Each structure stands twice: as C-alpha cells, then as structure tokens.
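Student: Please take a close look at one part of this model, the interface between the two chains. I would like the cut-offs stated along with the values.

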Amino acid sequence: MTSAAPAHPSLAHLSDADIEQIGVELDALRDEVLASRGEADAAYIRKVIKTHRQLESGARATLLVSLFPPAWLAGTAMLATAKVLENMELGHNILHGQWDWMRDPEVHSTTWDWDHATPAEDWKHSHNYLHHTYTNIIGKDRDLGYSVLRLSEDQEWKPYHLAQLGINAGLSLFFEYGVALYDIELEKVLHREMSVRAAAGRLGKLWKKVRPQLVKDYVMWPLLSGPSAVTTLGANLTANLARNVWTHTVIFCGHFPDGVAQFSEEQTENETRGGWYVRQLLGSANLEGSELFHVMTGRLSYQIEHHLFPDLPSNRYGEISPRVQEICERYGLPYTTGPLAKQYLTVLRRIARLSLPSGPSDVPVPVRRTAKKAA
Amino acid sequence: MGLLDTLVRRGSALTTPFLPDDYLSMVNPLWSGGRGPTRELRARVEAVSREAAGSATLVLKPGLGWDGHLPGQYVGVGVEIGGVRHWRTYSLTSPDRVTITVKGLGLVSNQLVRRTPVGTVLRLRPAAGDFVWRSGRPALFLTAGSGVTPAMGMLRGLVRRGPLPDITHLHSALARDEVIFGPELRRLHATYPPYRLVERHTAADGLLTMSELDALVPDWRERETWVCGPAGLLEAVSDHWTSAGLSERLHVERFTPLVVGGGSGLVSFARTGAQAQADSTLLEAGESAGVLMPSGCRMGICFGCVVPLLQGQVRDVRTGDVHGEPGDLVQTCISSPEGDCALDV
C-alpha cells in the first residue's frame with residue numbers, strides 16, 4: 001500500500017527513500033553512542049546522584065533553623081534545586097532506562113523510585129510508552145497538555161478554554177498532581193470505559209505513592225524543626241511549587257512552542273522507522289542555555305535528541321546535537337530551538353490564541369507516510 | 001551498629017522515596033546494603049597482597065548487612081568494569097575475615113588482581129555453599145590450581161580451633177613455586193603431622209590420574225573427600241567415586257557449570273521489554289541486555305537465579321536436557337534458550 005502523503009511544508013521536497021535514509025543515519029548515530037558508553041558516563045550519573053543527595057541533606061539540615069530568614073532562603077533554594085535534579089536529570093532519565101546498561105540495581109529503571117506523585121510503574125507506561133510512541137499525534141499522545149488545554153486548532157473548542165491561561169497557571173503550580181491524576185484517566189468513568197471500582201483502586205495506588213511524600217515534607221521535617229516548624233513547612237511547600245513550575249515550563253517548551261508540528265492519527269497510519277524519526281524531529285523543540293541550565297532541565301533542553309533516542313544516557317545528548325542539526329540541514333528539515341523565555345512566550349501565546357474558538361488549521365501538518373509493505 | 005540500624009529502619013519517613021542508606025552511604029559507603037531488594041551489600045578493599053601463580057589475595061571489609069560465613073563457603077563479588085557491573089563467585093579463604101584469593105584470568109578476576117586498588121568499594125552477595133568442614137572420619141582434600149582456595153579456608157578455620165585433624169591434601173599445580181599458599185600449606189604440613197600435604201607438580205609429572213590414587217592415598221575410600229579444581233579433575237573424581245559407590249562421601253565445588261552444550265534463540269525479558277539473541281546462558285544474555293537478573297553461584301547450585309518462564313523452552317547446559325512449561329522456575333545460570341523464549345523478569 002503506497003501512500004502519497006499530504007504535502008507538508010517541511011517534507012514536500014523529500015522522497016520516501018530520503019525519509020528512510022534519515023532513519024538509517026540516525027540509527028547509526030545511536031549505535032555509535034551505544035558502543036561508546038562506559039566508565040565516564042557511569043561516573044557522571046553517580047556524580048549527579050551524589051550532588052542531589054548532598055543538596056537535599058544540606059537543605060534539610062539548614063531548614064531545621066528556618067526561623068532565621070537567611071537559612072530559610074538558602075534551605076529553600078537548595079531544596080528546590082535538589083528536587084528539580086531528582087525529578088529531571090535523575091528520575092525521568094533513569095526511568096527511561098538510560099542507565100540500565102550499568103546493571104546497577106540502585107540506578108535502574110525497574111527499581112528506581114522518585115519524589116513525584118505518579119508511581120514509577122505508571123509513569124513508564126503513560127510517558128515512556130504512550131507519549132514517546134505517539135508524540136504529538138492529536139488524540140493519541142496522552143500528554144497532559146492536550147486534554148486539559150486546547151493546544152491545537154484540531155482540538156474542538158469548548159467554553160472552558162476561555163479560561164485556559166489561568167488553568168495553565170494553576171496546572172503549572174500543581175503540575176505533578178495534575179500529571180498523576182490525569183494518568184488515572186478518570187474521564188473513562190464518565191464514558192463508562194472504566195468501572196468506579198477500578199478508578200478507586202487507581203486513586204488508592206496514587207494516594208499510597210503521594211502520602212509518604214506529603215508526610216515527609218509537611219509533617220516529619222516540620223516536626224523535627226521544632227520552633228521552625230511553620231517556616232520549614234512553608235519552605236518545603238515553596239520548594240515543591242517551584243519545582244512544579246520549573247518542570248511544567250521546561251516540559252511545555254518541548255512540544256508546544258511555535259514551529260513544532262502536530263499530527264493526526266490518519267497521517268501517521270503507515271509510519272515507518274524513518275517516518276517515526278522525522279515525526280520526533282518535527283514534533284519537538286530544544287532550549288538554548290548553559291551546561292548548568294541543561295542539567296537543570298534534565299537535558300529536556302535537548303528534547304529533539306531525547307525524542308529521537310529516549311534511552312541514550314542524557315549526558316550524551318549535547319554532543320550529538322550538532323550531528324542531528326547537520327542531518328536536519330542536509331535534508332532541509334527544521335530544527336526548532338531558542339532560549340527558554342522566548343520559547344515559553346510562544347507557548348503562552350498559543351494558549352491565549354486557542355482559548356478563543358477557531359477552526360481546524362488551514363495548513364495540515366502531516367508527517368510523510370512511507371510505504372511499509374504492499375498490502 | 002545498633003543506633004545505625006534503628007536510624008535506617010525508622011528514618012525512611014524522612015528520606016522517602018529513597019532510603020536512609022542512600023544518605024548514610026555518603027558518609028561511609030559501607031553504611032548501606034542488604035536492606036530491600038535494591039540496596040546491595042558493599043565491601044571495601046582493605047589490602048591486596050600478591051600470591052603465587054599470578055593471583056592475589058584481597059582483604060575485604062564488608063558493610064552493613066553482612067551475615068558472616070563458614071570457612072569453605074563462597075561469596076558473590078560485584079565489580080564494575082567500564083561502568084558495567086559484573087559478578088563472579090570466589091571461595092572465602094579466611095575464617096574470620098572476608099578474604100578472597102583470585103587468579104588473574106578472565107575479565108573480572110583480572111580486574112580484581114590488577115586494577116583494584118585498596119579503598120575500592122565492591123558489591124557482595126551473602127556467603128553461601130555447603131562446601132564446608134564436617135568432622136567425623138578422616139578427610140581428603142583433592143585440589144588443583146586455584147581450587148585450593150576453599151580448602152585453605154577450611155584449614156585456616158580448623159587451625160584456629162586447635163591442632164589439625166587427620167587430613168590428606170593432594171594438591172596439583174604447575175610447579176612448586178606456582179602453588180598458591182605454598183609456604184603456608186608446607187608449614188601446616190610440618191607443624192601438624194596429621195595433616196599431610198602431597199604436592200603434584202604437573203609441568204614435570206603430568207596431570208593426576210585416578211589410577212595413581214591408590215598409591216598416593218591408599219586409604220582414600222575411608223576418607224570424607226572434598227574436591228575443587230578444573231572441570232576435568234572434577235569429572236574424573238566424580239566418576240571414580242561414583243563407580244566405587246562412594247559418591248555420598250564426596251563434596252564437589254564448581255566455579256563454572258560443566259557444559260555439555262547449549263541451545264540458542266531469541267530471549268524476551270517481559271518486564272523490561274528487552275530482547276537478546278543468545279547462544280549463551282539466559283543469565284548472561286539478560287545481563288548483556290541490561291536486565292537486572294537475579295544471580296548467585298552462577299553454577300547451578302544455589303537457585304538464586306531462578307526466574308519464571310513465560311513461554312518457550314530452555315536447555316540445561318550441563319545435561320543437554322530440554323524442558324520448560326509456562327510458569328516453570330528456570331535456573332538462568334545453567335539454562336540456554338532452546339529456540340525463542342520469554343522470561344518474567
């Protein structure tokens with residue numbers, strides 16, 4: 001079954017063979033990194049783990065005297081930094097299996113747990129599988145953005161979208177809970193696709209994951225702080241909110257800024273390996289910044305490289321980025337990138353624009369389909 | 001340790017989703033381990049000394065969670081090479097301290113002998129194995145090469161309790177100065193007459209054959225026998241004892257399974273989604289694919305490596321037997337795939 005793909009501004013000039021060749025080149029790049037993983041990479045992830053633990057220990061100790069304002073400030077900053085590192089460069093990437101090759105059960109996708117509301121097991125399904133496989137396919141990518149907010153013309157407008165700038169701000173503050181609740185798919189109960197009992201079971205599992213973290217941040221450490229109990233509680237809340245806002249901002253800059261393509265299910269029906277790669281390229285956007293900035297985003301600043309190769313160690317994305325750009329240039333494909341503030345502004349603009357009713361986009365944004373097999 | 005134990009047990013409310021071990025080990029890497037399935041026992045290399053035949057003895061200080069051992073038992077040692085964890089088993093050669101004597105052959109042993117400085121933190125599995133001393137009748141130790149290590153563990157354990165009992169020790173090595181623990185064994189021979197060391201230097205005298213046994217150890221039939229060494233020796237001794245109807249008096253220690261032949265196929269690891277085309281053991285195939293495979297003795301004895309089979313069949317590399325139905329627990333260290341199969345790990 002050969003399929004002449006609908007014209008895409010970025011893909012019109014490429015043949016099916018070109019698309020497959022891009023796949024071959026990207027596979028070769030991936031193999032190159034796989035073959036060179038070694039001691040230095042292991043040392044890197046251990047260093048990040050150690051840094052996180054030192055920062056967290058330092059923060060908790062400092063906050064024991066958080067009644068003293070400089071201690072509050074320093075402790076809160078350290079704790080927020082630790083929590084960002086833990087969620088992004090550690091949790092997200094380790095759960096992707098980026099470090100499984102070390103065979104260390106203390107740094108492995110099947111044993112790692114994280115300071116996040118979503119149980120690690122559920123995350124691996126909703127994120128690693130659904131989001132990474134069906135990236136930016138409207139209706140299939142279970143990325144939270146697509147169901148709470150209207151981020152594409154192809155999504156039906158509903159009156160509550162008028163408030164979506166405000167909804168986005170609230171979502172940003174409580175991002176981890178938003179993500180976790182969303183993963184439970186409560187809407188399926190309304191559509192009678194899930195029993196109330198099953199939903200209750202999933203909520204129970206979520207509560208089991210969330211409760212110890214709430215107890216830790218809002219009961220145990222405040223209690224240990226004695227006279228500083230209230231200020232420590234405030235510090236922990238601030239750190240959690242700051243972490244949420246930061247992760248939300250970085251993550252929304254990955255797939256929703258201007259220049260990022262969205263797709264429909266029909267457009268990707270017969271996608272090949274090369275087509276999948278190209279969809280990841282067109283459907284992701286990078287962020288520019290310093291090495292420290294990259295670490296603090298968990299290298300989601302290399303969202304394009306991460307989406308091409310979700311299980312390569314994150315510390316290697318930076319070095320392959322010029323090679324990916326070179327491939328994009330050679331094949332005349334866009335490579336979307338920009339500084340955080342600029343990119344997030346375009347996201348906010350999109351949210352604002354789409355809060356008003358508008359028809360489906362005039363220009364369809366398909367990925368080129370290539371023939372799989374004659375049917 | 002009492003206070004540490006309490007801290008570790010109670011403290012997880014303060015450290016969740018991590019364990020107190022994870023933070024304590026920043027102060028001392030040995031303050032972590034043995035708690036929960038994912039925190040491994042650790043040991044620090046305290047001293048390394050050279051031994052004969054390109055081997056070295058490593059003195060290890062085990063961390064929290066180490067339950068001790070009996071002389072003659074073995075221990076799993078985890079070593080990181082090129083960022084990747086590798087496991088091997090070694091006999092414990094000292095009754096009170098955790099010491100292993102390693103011959104520098106192969107990837108892991110070579111790393112331990114030549115590139116493991118004092119201070120290195122290794123991972124440990126609990127001591128295991130029933131190759132341990134049983135008093136009663138007179139004994140025969142039949143060892144060759146680095147197979148002397150569990151015997152040395154037992155001898156040192158016995159010496160601590162008093163004079164050595166009636167033990168004949170028939171040991172093979174290439175030459176006199178290739179005998180690991182040579183001076184110490186000869187000293188025991190000189191000090192405790194009931195312990196008799198018979199050295200066989202194979203470069204000059206050839207490999208030991210069972211037909212020589214009657215001359216070298218006339219009363220071998222009366223003795224409780226422990227044998228450890230290369231596969232050829234183990235096989236010859238096992239056959240000889242079995243045909244004499246004495247196999248219940250024989251204790252055999254292997255470090256690799258005796259391989260008859262394995263199959264091959266595509267192995268799927270259901271929980272991680274990894275796949276590997278393998279003609280090796282399932283354990284090796286999983287480890288190479290980055291799957292967290294449980295493991296123990298790596299020679300088919302301890303059942304520390306069993307994993308449920310989901311589909312397909314496996315072949316026991318020691319016997320060539322093909323077996324397996326969905327749900328069977330298979331020993332991954334001595335099983336190879338027989339065609340495509342899937343494991344629940």
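Tutor: In this predicted model, chain A and chain B bury about 2,500 Å² between them, 59% of it on carbon and sulfur atoms; buried area is the accessible area (1.4 Å probe) that two parts lose on being put together, summed over both. On the side of chain A, Arg53(A), Arg103(A) and Glu106(A) lose the most area to chain B, together 32% of what that side buries. Counted by contact (heavy atoms within 4.5 Å), 32 residues of chain A meet 26 residues of chain B.

There are 6 salt bridges between chain A and chain B, each a side-chain nitrogen of Lys or Arg within 4 Å of a carboxyl oxygen of Asp or Glu. One of them joins the side chains of Glu106(A) and Arg123(B), at 3.4 Å from N to O.

Helix H2 (39–63) and helix H9 (196–224) of chain A are the elements that give two or more residues to the side touching chain B; helices are DSSP runs (H or I, at least four residues), numbered from the N terminus. The largest share of that side, 9 residues, comes from H2(A). By type, the side of chain A that touches chain B has 10 nonpolar, 8 polar and 14 charged residues, with Asp, Glu, Lys and Arg as charged, Ala, Val, Leu, Ile, Met, Phe, Trp, Tyr, Cys and Pro as nonpolar, and the others, Gly among them, as polar.

Residues are numbered from 1 along each chain as its sequence is written, and chains are lettered from A in the order in which they are written. Local features need pLDDT of at least 70 and side-chain atom pairs pLDDT 80 or more, while totals for chains, interfaces and linings use all residues; side-chain values use heavy atoms, leaving out hydrogens and water.
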